[in-house]
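Please look at the sequence and the structure before reading on.

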Amino acid sequence: MSNVAIVGGGAGGVVAANMLRRRLGAEHEIVLFDRDTHHRLQASFLWVMTGKRAPEAVCRPLSRLEHKGIRYVNASVDGIDTEVGRLTAGGVQHRYDYLVLAPGAELAPQAIPGLSDVSHTPFDLDGAVALRDALSRFPGGRIVVLVAGMPYKCPAAPYEAALQIDWVLRQRGVRAQSEIAVYTWEPQPMPVAGKEMGDAVRSMLAARRVDFFPQMKIAEVDAEGREIVFESGDRVTADLVVSVPPHRLPRFCSDSGLAEPGAWLSVTDSRLMTTDRERVWAIGDAVMIKLPVGLPLPKAGVFAHHQASAVARNIAAEITGKGAPGAFDGHGMCWIESGGPVAGYGSGDFYAEPRPDVKIGRPNRLNHINKVMFERWWLWRWF
Ligand SMILES: Cc1cc2nc3c(=O)[nH]c(=O)nc-3n(C[C@H](O)[C@H](O)[C@H](O)COP(=O)(O)OP(=O)(O)OC[C@H]3O[C@@H](n4cnc5c(N)ncnc54)[C@H](O)[C@@H]3O)c2cc1C
């Protein structure tokens, strides 16, 4: 009998747990650890922001995994000893034979002085609810969507947020007296996906009168004056700041010696997602994979999902000696929801050399319907 431990019940962790359960007999134990009681589908958070989804509609209790034969431990993992195959969760020690690390990326707004005092973020569920309420009362004025750190998850999200905020304000009849602007560190939207993608997103923003300011690196927020101060010395005021806060690796990883402080997890093979520790794999947002083009593989659920699937196949093959091995091939896709029933869609091979080969189609209703269907499928399939 083997024991497979999975840290994190997000996009990568739930897929890994489900796929391992399907491949391994009941004599093998699969244990999923999460500090949260619920899986939260982050790809639906912007619909929570616009009021199209209730927050509970995009969550599922992780305890539901128990019905499938996956043991779920609701505790925070705070230490891992890969030498002996043991992790500590909520003060209790657990032995494992195989370990999948899928703890995602944490938000760290406190890394920018003043940011959490003035900004709302749709990057967590409570933040999306608070922003929905703020937008429903917004009398008109200047809204700044601010990318306050790199890398961040879902490279399309700040642009989708701006487009969907435009839609909310139009529905409420206050768009004419409002300005919306995106300020970002990036040289163009979604730089890793190439110029064609960047130009397509820029025209979606321009068509909705959303201003775009690239290469603006934030230094601090002057909470009293409600001013965003950039490293260039430029200062920008806003009536409502919508931020993508800096992200970081959950601290237990560096505390356990799995990564240097301030760094991300790394893998020894970006197709197998193996780490330099025996029988330890790492997937999803917690991992930094440098592409040949010099930029990191984006942090996105679609990649966490496919990496989880490859890792589950490989662990199952190692335990049972049966089944074809799997590899993550770098393919991914994303919808760019633009408010109302319309979305753009891009897809491609991020492992292509010398640079990712990504194509984007024109926004249409069908893309939006496909994203809605995907949301339903996801919440049904894994729970
Ligand atoms: C607004 C928004 C929109 C997005 N839209 C899309 C989209 O359209 N398409 C797409 O592909 N991606 C999208 N993403 C990105 C996607 O949600 C993430 O890339 C994906 O969830 C990453 O999966 P993960 O398993 O690595 O991490 P997560 O899904 O973040 O899961 C990590 C889990 O680990 C748990 N955890 C962390 N630390 C500990 C600990 N110490 N002990 C126990 N548990 C711990 C957390 O509670 C969490 O449940 C979006 C993200 C946001 C914020």
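Met 190 sits in the loop between strand 13 and helix 6 (195-207). The model is a predicted one. The phi angle of Met 190 is near 50 degrees, which is a positive value in a residue other than glycine. Is Met 190 buried or exposed? With a relative accessibility of 5%, Met 190 counts as buried, because the cut-off for buried is under 20% relative accessible area.

Arg 209 also has a positive phi, near 55 degrees, and is likewise a residue other than glycine. Arg 209 is placed in the loop between helix 6 and strand 14 (210-213).

One runs from Met 150 to Pro 151, with omega near -5 degrees. Pro 151 belongs to the loop between strand 12 and helix 5. The other runs from Glu 353 to Pro 354, and its omega is near 5 degrees. Pro 354 is in the loop between strand 22 (343-349) and strand 23 (357-364).

## Salt bridges

Side chains of opposite charge can pair when their charged atoms come close. How many salt bridges does a search of the whole structure find? The search finds 17. The table gives some of them.

| Pair | N to O distance |
|---|---|
| Glu 179 and Arg 142 | 2.9 Å |
| Arg 170 and Asp 166 | 3.0 Å |
| Asp 222 and Arg 235 | 3.7 Å |

Consider the salt bridge of Glu 179 with Arg 142, where the closest N and O atoms are 2.9 Å apart. Glu 179 lies in strand 13 (residues 179-183) and Arg 142 in strand 12 (residues 142-147), so this pair ties together parts that are 37 residues apart in sequence. Glu 179 is partly exposed, at 41% relative accessible area, whereas Arg 142 counts as buried at 17% relative accessibility.

The side chains of Asp 222 and Arg 235 meet in a salt bridge of 3.7 Å, N to O. This pair links distant parts of the chain, with Asp 222 in strand 15 (residues 218-222) and Arg 235 in strand 17 (residues 235-237), 13 residues apart. Asp 222 counts as partly exposed, at 27% relative accessibility. Arg 235 also counts as partly exposed, at 47%.

Arg 170 is partly exposed, with a relative accessible area of 41%, while Asp 166 is buried, with 2%. Asp 166 and Arg 170 are also linked with Arg 175 and Arg 208 in a network of salt bridges.

## Around the ligand

Which residues come nearest to the ligand? Of the 28 residues around the ligand, they are Gly 12, Asp 34, Val 77, Asp 285 and Val 302. By class, the shell around the ligand has 14 nonpolar, nine polar and five charged residues. Helix 1 (11-23), strand 2 (29-34) and helix 8 (301-320) each supply at least two residues of this shell. The largest share, three residues, comes from helix 8.

For Gly 12, a backbone N or O atom lies 2.8 Å from a ligand oxygen atom. For Asp 34, a polar side-chain atom lies 2.6 Å from an oxygen atom of the ligand. In the side chain of Lys 371, an N or O atom is 3.2 Å from an oxygen atom of the ligand. Taken alone, the ligand exposes 1000 Å², and the protein buries 92% of that.

## Helix 9

Helix 9 covers residues 365-381 and includes Ile 369. Leu 366, Ile 369 and Met 373 make a nonpolar surface patch of about 290 Å². Ile 369 is partly exposed, with a relative accessible area of 42%.

Asn 367 is found in helix 9 as well. Is Asn 367 buried or exposed? Asn 367 is buried, with a relative accessible area of 11%. A polar atom of the Asn 367 side chain lies 2.8 Å from the backbone oxygen of Ala 343.

Technical notes. Residues are numbered from 1 along each chain as its sequence is written. This is a predicted model: local features need pLDDT of at least 70, side-chain atom pairs count only at pLDDT 80 or more; totals for chains, interfaces and linings use all residues. Side-chain values use heavy atoms; hydrogens and water are left out. Patches are made of residues with over 30% relative accessible area and no salt bridge: like charges are joined within 9 Å, nonpolar side chains (Val, Leu, Ile, Met, Phe, Trp, Tyr) within 5 Å. Accessible areas come from the Shrake-Rupley method with a 1.4 Å probe; for residues, only the protein chains shown count as cover. A salt bridge is a side-chain nitrogen of Lys or Arg within 4 Å of a carboxyl oxygen of Asp or Glu. Helices (H or I, at least four residues) and strands (E, at least two) are DSSP runs, numbered from the N terminus. Buried means under 20% relative accessible area, exposed over 50%, partly exposed in between (1.4 Å probe, protein chains only). A residue is near a molecule or strand if one of its heavy atoms lies within 4 Å of it. A polar contact is a pair of N or O atoms within 3.5 Å; within protein, one must be able to donate a hydrogen and the other to accept it, and residues adjacent in sequence count only if both atoms are side-chain atoms. Ala, Val, Leu, Ile, Met, Phe, Trp, Tyr, Cys and Pro count as nonpolar, Asp, Glu, Lys and Arg as charged, and the others, Gly among them, as polar.
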